[in-house]
Amino acid sequence: MELVLLRHARPLLADPPLSPGNVVDVLLAGGSIVALGAHLDTGTLPVQERDLEGRFVFPGLVDGHVHFLGAAGDEGFSSKTPEIFLSDFLRGGVTTAVGCLGFGRGNESLPHLWIKTQTLASEGLSTHMYTGNFRTPSPSLTGSPAEDIVLVPQVRGIKISVADSCSSHPSVEEFARLASESYIAGLQSGKPGMLHVHVGHHGDPYVFLSAVQERAGIPWDRLIPTHCNWSADLVEGATAYARKGGVVDCSTILDTARGSKTSVKAGRAVRRMLDGGVPRSHITLSTDGNVGMPIRNAAGEQTGLYLERVSSLWEELRDLIRDGMPPEEAVALGSRHPAQRLGLFPRKGCLRVGADADLVVVGENWEIEDTYLGGRLGLSQGEPVLRSLFETDVLADGRREYATWKR
């Protein structure tokens, strides 16, 4: 068993809490954190030791919405994005991810998603998935979405869509029935059994979800709308919804600077919700990563497409920190809170003895330097150490050109 000792780390989201100025040592072994404290003594044990010199360390990010298989675009077959590589997660500090399907037909299937989920897991990433997609009745692996939750370990809940032109426009009764079945499956399997709800802005999705909750009588936090920052109206509606007890999720790729025409930057949406009285723990961020987004010229006209990355999650959290949000509160939006909602806390989302050794080390100006997957160094000084098996074969120069919307 390889032992890794990180000396002089400044932990964020430690459990029990530590003040931001505390410097501790973190010992990793067997995929877990086995000791956390000042001046740890490993005696004569063989250990790989590194001095972090006061750098911040926090639990790896938990991205609750990623298109592992790529996503069908709405501009023809050529706009379908490719499958994601392991190094994309590592660069963004994401150590746990949930895969989902979109609106595509023919090129997106649940068996294929399950296989990709297993592939990424074999490469070291902690992976889960949602059954279902945009359509109603929801497709499944076993013949029943609820039985997928019970019988398939990787399935945490069901994805569905409302208030969107690509949705199948389920009725309140249909939706309530699915929500109840999902909730009961969660109780049986010890999973959250939630509905991960893609919301659009064709109508008011929160009125619809409130009617579903009233009809089904399930807890508010089992109906989780995502893309709540798609427009200012959706942010306002999400604020009211979360004040009732709901949990809301904002997408970090939705930003006018990143090609979206109507969206509110996720960090700005978070601040509006907090100012509106939403409990901090009822807000999560995810990326909707590995989809195509428009490139626009100065006049706002679309001139092409680019591939959005899961690194947008850390970029948004980093912006919140730079804008003055306490680091622990910002990081929790992409680590602790989604881990709690996915039923993965405290193995994920905190630094404590017994938690998974999924860690991120940040250096000057909050730039990611290192990412650890189960105690293994996956990213070192910003460069991947671990990669998908065929990644270097697919990419002739051994790495993906890491262009982003900033170009």
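Good morning. The structure is a predicted model, in which local features need pLDDT of at least 70 and side-chain atom pairs count only at pLDDT 80 or more, while totals for chains, interfaces and linings use all residues. Residues are numbered from 1 along each chain as its sequence is written, and side-chain values use heavy atoms, with hydrogens and water left out.

I begin with helix α2. Helices (H or I, at least four residues) and strands (E, at least two) are DSSP runs, numbered from the N terminus. Helix α2 covers residues 110-122, and its 13 residues should span 18 Å at 1.5 Å a residue. The expected span is 1.5 Å times one less than the number of residues. The end C-alpha atoms of α2 are 18 Å apart, which agrees.

Which residues of α2 are buried? They are Leu110, Leu113, Lys116, Thr117 and Leu120. They lie on the same side of α2, because they cover an arc of only 115° around the axis. The arc is that of the directions from the helix axis to the C-beta atoms. Buried means under 20% relative accessible area, exposed over 50%, and partly exposed in between (1.4 Å probe, protein chains only). An α-helix has 3.6 residues a turn, so residues three or four places apart point the same way.

The cover over the buried residues of α2 includes α1 (86-91), β7 (94-99) and β8 (126-131); contact here means heavy atoms within 4.5 Å. At the start of α2, a side-chain oxygen of Ser109 comes to within 3.2 Å of the backbone nitrogen of His112. After the helix comes Gly124, with a positive phi near 120°.

Lys116 leads us to the salt bridges. A salt bridge is a side-chain nitrogen of Lys or Arg within 4 Å of a carboxyl oxygen of Asp or Glu. By this rule the model has 23 salt bridges. In one of them, Lys116 meets Glu83 at 3.4 Å, N to O. Lys116 is in helix α2 and Glu83 is in the loop between β6 and α1, 33 residues apart. Lys116 counts as buried because its relative accessibility is 9%, whereas Glu83, at 32%, is partly exposed.

Another salt bridge joins Arg309 and Asp88, with the closest N and O atoms 3.5 Å apart. Arg309 is in the loop between β15 (302-307) and α8 (312-322), and Asp88 is in helix α1, 221 residues apart. Both Arg309 and Asp88 are buried.

Where is Asp63 placed? Asp63 is in strand β6, residues 61-66. Asp63 is buried yet has no salt bridge, and Arg258, the nearest side chain of opposite charge, is 11 Å away. For such charges, Lys and Arg count as positive and Asp and Glu as negative; His and the chain ends are not counted. The side chain of Asp63 does have a polar contact of 2.6 Å with that of Thr287. A polar contact is a pair of N or O atoms within 3.5 Å; within protein, one must be able to donate a hydrogen and the other to accept it, and residues adjacent in sequence count only if both atoms are side-chain atoms.

Finally, in helix α7 (residues 266-275), Ala266, Gly267, Ala269, Val270 and Met273 are buried. Their arc of only 160° around the axis puts them on the same side of α7. Gly277 follows α7, with a positive phi near 95°. Thank you.
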